Amino acid sequence: MACILHIDTSTDICSVAVSEDSHVIFEQVDRTGPNHAEQLGTFVDEALSFTDNHAIPFDAVAVSGGPGSYTGLRIGVSMAKGVCYARNLKLVSVPTLELLCVPVLLRELVEEDALLCPMIDARRMEVYAGIYDRALREVRPVGADIVDAEIYRQWLDRQPVYFFGSGARKCMDAISHPNAHYIDGIDPLAKWMQPLAERRLFNGQTEDVAYYVPFYLKDFVAKMPKKLL
């Protein structure tokens, strides 16, 4: 097992957690943001002090890798890299949309054949979304979607689809399919990174600390057809 420092700054929420042997042993969350520049350093210092005082050595730093806020991701990744350099630790990137799925799988009663559609809010009726099965296998790659009644019909006509995350509120009025289900109150938090980060670390899926760049929302916008902007 491993001890991992988890950092999420992909949305307005700033959160830091520490997990050891699959248990979260430290957590700090600020929901008043975006205050990442002010809060993240304090939270990380507190996490490092906590583990040092308990003589717990870190194995890696996990950071939410987007899509998400450009400024938030930049701050989070910079902090994660700094800790990795200072303590000679491995860097693990956790996709933000997969991170959103973790509390749904842990806390909600979801049918065996259901699909999960985590969403991050963008401008107007746009969201950044992916579609996963319950094993977090990618059914549809992450993409920039214009929400309307037809956008997810090919999946809704076949099986239940659960929408959640900050972008899901936009779907409630637009998508009224009987297989569409909405879960409120799902946020990307550092503590939910634990199972995803541990799996990636165990499988050797680590990042190059010097060259790693997160998945910025602006990268989606640059690739979108001009008629959608």
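This is a predicted model: local features need pLDDT of at least 70, side-chain atom pairs count only at pLDDT 80 or more; totals for chains, interfaces and linings use all residues.

Visitor: Which residues of α3 are the buried ones?
Guide: They are Thr96, Leu97, Glu98, Leu99, Leu100, Cys101, Val102, Pro103 and Val104.

Visitor: How many aromatic pairs does the rule give?
Guide: The count comes to three aromatic pairs.

Visitor: Why is the pair of Phe26 and Phe50 called tilted?
Guide: The ring centres of Phe26 and Phe50 are 5.6 Å apart, and a pair requires centres within 6.5 Å. Their planes stand at 40 degrees, whereas stacked requires under 30 degrees and edge-to-face over 60. The pair is therefore tilted.

Visitor: What makes this a link between distant parts of the chain?
Guide: Phe26 lies in strand β3 (residues 23–30) and Phe50 in helix α1 (residues 36–53), with the two 24 residues apart.

Visitor: Why is Phe26 called buried?
Guide: Its relative accessible area is 13%, and buried means under 20%, so Phe26 is buried.

Visitor: Is Phe50 buried, partly exposed or exposed, and why?
Guide: Phe50 has 23% relative accessibility. Buried means under 20% and exposed over 50%, so Phe50 counts as partly exposed.

Visitor: What makes the pair of Phe163 and Tyr182 stacked?
Guide: The distance between the centres of Phe163 and Tyr182 is 5.5 Å, with 25 degrees between the planes.

Visitor: Where in the chain do Phe163 and Tyr182 lie?
Guide: Phe163 belongs to strand β9 (residues 161–164) and Tyr182 to strand β10 (residues 180–183); this pair links distant parts of the chain, 19 residues apart.

Visitor: How do you know which accessibility class Phe163 and Tyr182 fall into?
Guide: Phe163 has a relative accessible area of 0%, and the limit for buried is under 20%, so Phe163 is buried. Tyr182, at 26%, falls between the cut-offs of 20% and 50% and is therefore partly exposed.

Visitor: Which residues do ring pairs link into a cluster?
Guide: Tyr152, Phe163 and Tyr182 are linked in this way.

Visitor: What is known of the largest cavity and its lining?
Guide: The structure holds one cavity of 30 Å³ or more, and the largest cavity contains about 60 Å³ of space. Its lining includes Gly165, Arg169, Met172 and Asp187. By class, the lining has four nonpolar, three polar and three charged residues.

Definitions and conventions
Residues are numbered from 1 along each chain as its sequence is written. Side-chain values use heavy atoms; hydrogens and water are left out. Rings of Phe, Tyr and Trp (its six-membered ring) pair if their centres lie within 6.5 Å; planes under 30 degrees apart count as stacked, over 60 as edge-to-face and the rest as tilted. Helices (H or I, at least four residues) and strands (E, at least two) are DSSP runs, numbered from the N terminus. Buried means under 20% relative accessible area, exposed over 50%, partly exposed in between (1.4 Å probe, protein chains only). On a 1 Å grid over the protein atoms alone, a cavity is a set of points where a 1.4 Å probe fits but cannot get out, and a pocket is an open set with protein on both sides within 12 Å along at least five of seven lines; lining residues have an atom within 4 Å of a point. Grid points are joined across faces, edges and corners, and a volume is the space filled by probe spheres set on the points. Ala, Val, Leu, Ile, Met, Phe, Trp, Tyr, Cys and Pro count as nonpolar, Asp, Glu, Lys and Arg as charged, and the others, Gly among them, as polar.
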